[in-house]
Amino acid sequence: MKRRRPPRLLAAALALGASLAAAPAPADVSIPFTRSTLPNGMTVILHENHDVPLVVVNVSYGVGSRFEAPGRTGFAHLFEHLMFMGTRRVPTKAFDAWMEGAGGWNNAWTSNDRTDYYDVGPPTSLDLLLWMEADRLRDLGPLMTLEKLDAQREVVRNERRQTSENTPYGKVELRLPELLYPVGHPYHHPVIGSHADLEAATVDDVKAFFAKHYDPANASLVVAGDFDPVRTRARVEQLFGAIPSRGAPADPGAPGFSDTKTTLTSVVRETIEDEVELEKIVMAWQSPRHFGPGDAELDLLSTALASGKASRLYKALVYEQKLAQSVEAEQESAELGSRFVVGVIARPGISLDRLEAALDKELEATKKTPMGDDELERAKNLVETGFVTRLESVRERASLLNMYQAETKDPGYAQKDLERYRAATKEGVRDVAAKVLDANARVILRVVPVKKGKAK
Amino acid sequence: MKRALSALALAASLGAACGGEDAARRPPDAPRPAAADAGAAPDPLGPKPEPGEPAAYTPPVPVHYKRPGGTEVWLLERHALPIVSMQVVVPAGAAYDPEGKGGLALTTANMLDEGAGARGPLELSREIDRLGATLRTGAYADYGFAQLTVLKKNLTAAAALFGDVVSKPQLSAVEFKRVHDLWRNALRARQSEPDAVAGVVVARKVYPAGHPYAHPSDGTLASAAAVTLADVKKFYADRWRPDRAKLVVVGDVTRAELDAVLDQALASWKAPASPPPSESLGVPAPFVGRPAPASVRRVVVVDRADAPQSVIAVARPGVSAFDEESAVLTRVNAALGGSFTSRLNQNLREEHGWSYGARSRFSFTRMRGVFVAQAAVHTEHTGDALQAMLSEIGAMAKDGLTDDEVDKTKQLARADLVEAFETVQAAAARLGRSAGVGHGPDHEAAASHVAARADKAALKRYAAQYLDLDAATIVIVGPRAKIKPQLEAIGITAIESSGPEGQ
């Protein structure tokens, strides 16, 4: 899965006379860039902009949790943590220490499909940032030790406890993938993985994973912000160009599965007990892949359903019928297939059966009658403003260039991405909803408070 | 925090963006020299680059002027993208909640967009969405706010709605009933959120009873039950006045354009004839502006049976945003718990694996605030982790920062400011904070110089003064039965109990 508000960007780094919403003329929403490929197959994208004295280095690797071996759930994300554990040139702890010493910081994330690392710093730090990224891509795997692995294994297990196990409703994300996708589907397990599998990971696993997936031909480097492109290109070629490649690993995809045909044949129900005060219903469907036909329509539908007080679900369930405390809906787009998820937290004393019936009524309506022109216009305008806002930040622009590169092979896809939303019609949204939101092929998960006094 | 899973908790990543490691204090493990294997052939990557000093960065100072109604405008023009963000701040924060009515300030702010001018709440929301705008209202400890962000082409239309929200809220009984119900449900839900519980209990235990900052801005179940629509109407009338408001505007708009927009949007926002209520925060609380009262360390446990982690908060009185120490302490904090390589995070996370992350902060408030160091740790290491936190904070109080930390925190303080002013929304919120607390428009610029100038001796002095833990308050949210023996093993035997609201 991906970040919460999926890739819907728009607008350009540089001044654009953006006439968005109302006028039919498409806005200029491009992020200026140049792209080249190093002899070892590594993609290099430069985006120069001097508005703010910052540089960002973003390195995206084409590996996520869907590439994990059986019995090794959570490994791609665990590996992401290990990428900071050091080499000969950059001893353990020095990666962060040197970067922060130069006034920079970094972070990384892992999804089903990708692992993305980014560094932010003042222009004077760029050479160091590039040197450290080149160093770990070149040398990290063979230098892995059990000590490094054990250190991050414990951190990741605590990440799981903090974000999933000790947070209200956090257990949904642990269970939903297993219910929504069958055994054998690469999205069947959660990105964070199981404790047992995290405990089972070995140093040899790490070395093999690095050798296979952390290859320059499987990587895309973005440099964005306040830098000199001529000097930087030469430096990138020097640092990264000689890293040997074994070739990009083949993407196994999801053989036997299609993002346009759900594997669910009935309603899959489950109830989870959690430390919560208010009960919750989560519904999920398999839906079309990111950038596939219907993906933008479902993104617009999620906005119309749950964004703002006037949205369908908020208005009906929270505002008028007073059954719900809050509502959420999202098309969580991913490369091999997405999931459309609706979540509703019940008010105290409202039965989940009653809430579910009311929710179903609203969802059925979107499948029968096209939404109003005004509803569609609102959804489109909200989406578009979201894109412009994201373009303000150098870090976001770097991230978007690599997202488009990874998923469409075109870092400059922003304009076409926007066109998907502009072209959507209310009939199109209805038709996709009717096809995807099948009442008899979905997961319905309920979260209820732990029964007090129950032996554990 | 760091290295987040994209599916989870992504938004938080910007929060913890500065800090440093300390090679002198704790040498890195097994640091084999970089050149060890490079004897035979030259290293293809060459030597480690040594970054030069970044150019100095001073936050921008907005132009400021008074409007006819008495509102002070702070305008920072930014023309790179066609976006404008504006924030009204008024001295109407949770600190002004009447005794027993905690949450009134926040609820008043929340009611502003539940119908305003001629539009009911749904119509208003619809219209904001149609313009692709975002509108938020809320209240912190010192101030209430309303913030609008919109594409320039829709500024006039959106500002008219914003003006209605600020100056003509309907405050209707029907909508209040609904908002009030949702509020009370949210307070019930808060009891099962361990971080939120820790925050509520810390404030309740660190500040003396009745102190304006002792209650949470969203109140308690008891205080929510006591708040009425009449309270909201009075609070709004008393405190959301144009002659006490400041309006921060950042983005693609000139002063002339802005004035034309505001002349229409805020035309009906008039100050009442009555004088405004006092903005002093009432009774000077016992420790305001003075050292903490001599007292003993307290340990309070909020039971959360079967929790896989304990949330530990180590707290003590901090500083006021008006104390000069405030700017300097951001650097002390960056070294202690304000960045990834800070001592607390390195110890609990990188060295011991007890936690996904540990951090600390000094609050930035008009009156003296708090210092809090916090981490969610594996339950079975609650005692170890608490001891490590106390020891790290104690070492910083005793010895101050290392030379590396002195240098690093200067860079990180600069970096934090560059990003705080990068986007129009972030810049408006940051300037709004200065305005809301009561600083002038040049505060960030001035504070950046104060922070940059602080030398090792000053940093050590402030660390000693503000990190002493003799009278600390320690709050732990976790399974009491499993925690108690661990605390006893590190010599803590007097353990108080508390409910999730500090009761």
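How far apart do the C-alpha centres of domain 1 of chain B and domain 2 of chain B lie? In this predicted model, the two centres are 28 Å apart. Domain 1 of chain B covers residues 63–265, and domain 2 of chain B covers residues 291–498. Across the boundary, 31 residues of domain 1 of chain B are in contact with 31 residues of domain 2 of chain B. On the domain 1 side, β3 (72–77), β4 (83–90), β6 (144–151), α5 (194–206) and β7 (246–251) of chain B each give two or more residues. Helix α5(B) gives the most to this side, with eight residues. Sorted by class, the domain 1 side of chain B has 20 nonpolar, six polar and five charged residues.

Six strands of chain B form an open sheet with mixed pairing, in the order β10-β11-β9-β12-β8-β13. Its edges are β10 (355–362) and β13 (496–498) of chain B, each of which pairs on one side only. From one strand to the next, the twist averages 20°. Within this sheet, β8 (298–303) and β12 (473–478) of chain B pair in the parallel sense over six bridges; here Asp303(B) stands opposite Gly478(B) of β12(B).

Chain A reaches strands of chain B as well. Helix α4 (146–165) of chain A lies across β9 (309–317), β10 and β11 (370–378) of chain B, and runs at about 70° to β10(B).

Turning to chain A itself, domain 1 spans residues 34–240 and domain 2 spans residues 267–449. The centres of these two domains of chain A, taken over C-alpha atoms, are separated by 29 Å. Their contact takes 32 residues from domain 1 of chain A and 28 residues from domain 2 of chain A. At least two residues of the domain 1 side come from each of β2 (43–48), β3 (55–61), β5 (115–121), α5 (172–180) and β6 (219–225) of chain A. The most come from α5(A), which gives five residues. By class, the domain 1 side of chain A divides into 16 nonpolar, nine polar and seven charged residues.

Elsewhere in chain A, helix α1 (75–82) is largely enclosed by the rest of the structure, because eight of its eight residues are buried. Among the buried residues of α1(A) are Phe75(A), His77(A), Phe79(A), Glu80(A) and His81(A).

Conventions:
Residues are numbered from 1 along each chain as its sequence is written. Chains are lettered from A and ligands numbered from 1 in the order in which they are written. This is a predicted model: local features need pLDDT of at least 70, side-chain atom pairs count only at pLDDT 80 or more; totals for chains, interfaces and linings use all residues. Domain bounds come from an automatic or database domain assignment. Two residues are in contact if their C-beta atoms, placed from the backbone, lie within 7 Å. Helices (H or I, at least four residues) and strands (E, at least two) are DSSP runs, numbered from the N terminus. Ala, Val, Leu, Ile, Met, Phe, Trp, Tyr, Cys and Pro count as nonpolar, Asp, Glu, Lys and Arg as charged, and the others, Gly among them, as polar. A residue is buried if 20 or more other C-beta atoms lie within 10 Å of its own, exposed if 12 or fewer, and partly exposed in between; C-beta atoms are placed from the backbone. Two strands pair if DSSP finds at least two bridges between them. Axes are lines fitted to C-alpha atoms, for helices over the stretch in contact, and angles run from 0 to 180 degrees between N-to-C directions.
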